[in-house]
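Hi everyone, thanks for coming. Let me put the sequence and the model up, and then I'll talk you through a helix pair and a cavity.

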Amino acid sequence: MKCHIPGPNAKVLGRTIHALARFGDELYLESLTDCILLRTLNASESAYAMIKFNKNFFSYFNYNYYSTVDKEGLKCKISMKSALNSFKSPAHLDKQVENLEIKLDPEQCKLIFQFKCKHGIVKTHFVSTLDCKATQAVYTKDLVPNRITSSQRILSEAIGNFQSSDDEVTLEAFTQSLLLRNYIDANIDLTKIIRTQINIKASEFDSYVIGTETTVTFTMKEFKALLAFAEALSLPIQLQFETTGKPIVFIIHNGCTFEANFVLATSKADNATPFSTQHSTQVERNKRRDSCDAPGSARKKIHLDENISKCLDEDSHLFNFIDMPDEGKVDDLKKNNCDNSHNLEKSTKNVMNEMEYDNIPASPTSNTMIKSVFRRCFESTFDPKSIQMVVLADNSDSE
């Protein structure tokens with residue numbers, strides 16, 4: 001296999017390898033009659049990426065350059081770390097590289113990357129190939145009921161609100177909106193985590209078709225990697241998925257030049273919590289409202305828990321409401337209250353006159369109370385009679 005890639009396309013290839021490096025540790029390369037396939041798989045086999053470069057992506061393409069058998073391509077596997085060392089700083093490849101030549105020599109077990117840079121500089125990287133076996137993910141993307149086409153900016157801004165410690169994200173697809181929230185394990189203490197939920201309306205997407213409402217959960221790391229890849233190339237993202245347990249496929253393509261498929265395994269969403277979706281609850285409320293408003297339908301009494309009902313009975317004063325009188329009745333009410341208080345005062349005086357005051361001990365007056373408490377304060381402190389024969393101070397000398 002031998003091919004030549006112009007400088008601008010070499011930049012795309014470099015970004016592709018950097019995106020695949022966030023998926024797996026090994027890179028699979030396969031040359032076919034009309035394209036080259038790059039594949040990788042993560043260690044837990046829950047994320048798979050396949051990028052297809054069509055023949056028109058290259059300025060020169062020969063899939064069986066070193067092969068003696070016609071219509072038989074070559075396969076190889078290299079370390080992802082070695083591929084990254086060959087494509088350092090992909091953002092500047094188009095400014096430095098004029099042409100990139102890739103050759104796969106099966107006899108020497110080498111994959112050669114030769115960069116022909118400006119000013120006649122040539123950089124050659126020899127990467128050793130590893131034993132390779134067929135790697136192909138089984139997934140469906142043509143007959144799925146749910147299809148969404150979105151700008152990468154919308155999804156990137158939504159994911160930017162999540163915490164860096166979030167490992168998984170839950171996607172809930174409804175007919176009118178898409179909900180993204182961080183996955184929360186039921187065994188985790190809810191008081192020690194931050195919950196994030198983003199609701200995106202269907203009108204925000206380029207196309208939005210949901211045939212079956214469903215909820216899927218997938219890994220956050222690979223999702224961010226494919227979003228960064230789409231952002232670097234300024235291309236939209238297509239989401240195609242079925243239901244829980246079936247893989248979700250993210251497709252990024254540039255017309256007929258290349259196509260990238262990122263396949264992420266899905267798992268069941270977290271248990272229902274107060275933080276869970278509001279869409280289904282709103283639908284149920286609308287159904288109840290329609291059934292109650294229908295003519296001839298009897299309005300059902302709201303069901304309350306026994307403990308709540310008991311508390312309402314015991315503390316019913318918290319829920320008693322008083323009807324306020326009209327302004328015209330306020331003056332009459334005040335007048336009646338004054339008359340009633342005057343009559344009450346008269347009747348109280350009559351009753352007090354009939355009572356025998358002798359049987360009631362008199363209350364101590366204020367002066368009596370003061371003298372009893374501060375008795376020594378009211379005694380005379382100077383008695384002139386007691387000092388008539390006593391000399392308090394001798395006369396001074398006449399001198």
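A crossing is called left-handed if the near helix is turned anticlockwise from the far one by less than a right angle, and right-handed if clockwise. What we're looking at is a predicted model, where local features need pLDDT of at least 70, side-chain atom pairs count only at pLDDT 80 or more, and totals for chains, interfaces and linings use all residues. Residues are numbered from 1 along each chain as its sequence is written, and side-chain values use heavy atoms, leaving out hydrogens and water.

So, the helices, which are DSSP runs of H or I with at least four residues, numbered from the N terminus, while strands are E runs of at least two. The axes of α4 (residues 152–159) and α5 (residues 220–233) come within 10 Å and cross at roughly 140°. Axes here are lines fitted to C-alpha atoms over the stretch in contact, with angles from 0 to 180 degrees between N-to-C directions. The crossing of α4 and α5 is left-handed. On the α4 side, the contact (heavy atoms within 4.5 Å) uses Gln152, Leu155, Ser156 and Ile159; α5 brings Met220, Phe223, Lys224, Leu227, Ala230 and Glu231.

Now the cavity: a set of points on a 1 Å grid over the protein atoms alone, where a 1.4 Å probe fits but cannot get out. The largest cavity holds about 110 Å³ of space, counting the volume filled by probe spheres set on the points. Among its 13 lining residues (an atom within 4 Å of a point), Leu13, Leu29, Ile36, Leu38 and Ile102 are the closest to its centre. β1 (2–6), α1 (7–21), β2 (26–31) and β3 (35–41) each supply at least two residues of that lining.

Conventions. On a 1 Å grid over the protein atoms alone, a cavity is a set of points where a 1.4 Å probe fits but cannot get out, and a pocket is an open set with protein on both sides within 12 Å along at least five of seven lines; lining residues have an atom within 4 Å of a point.
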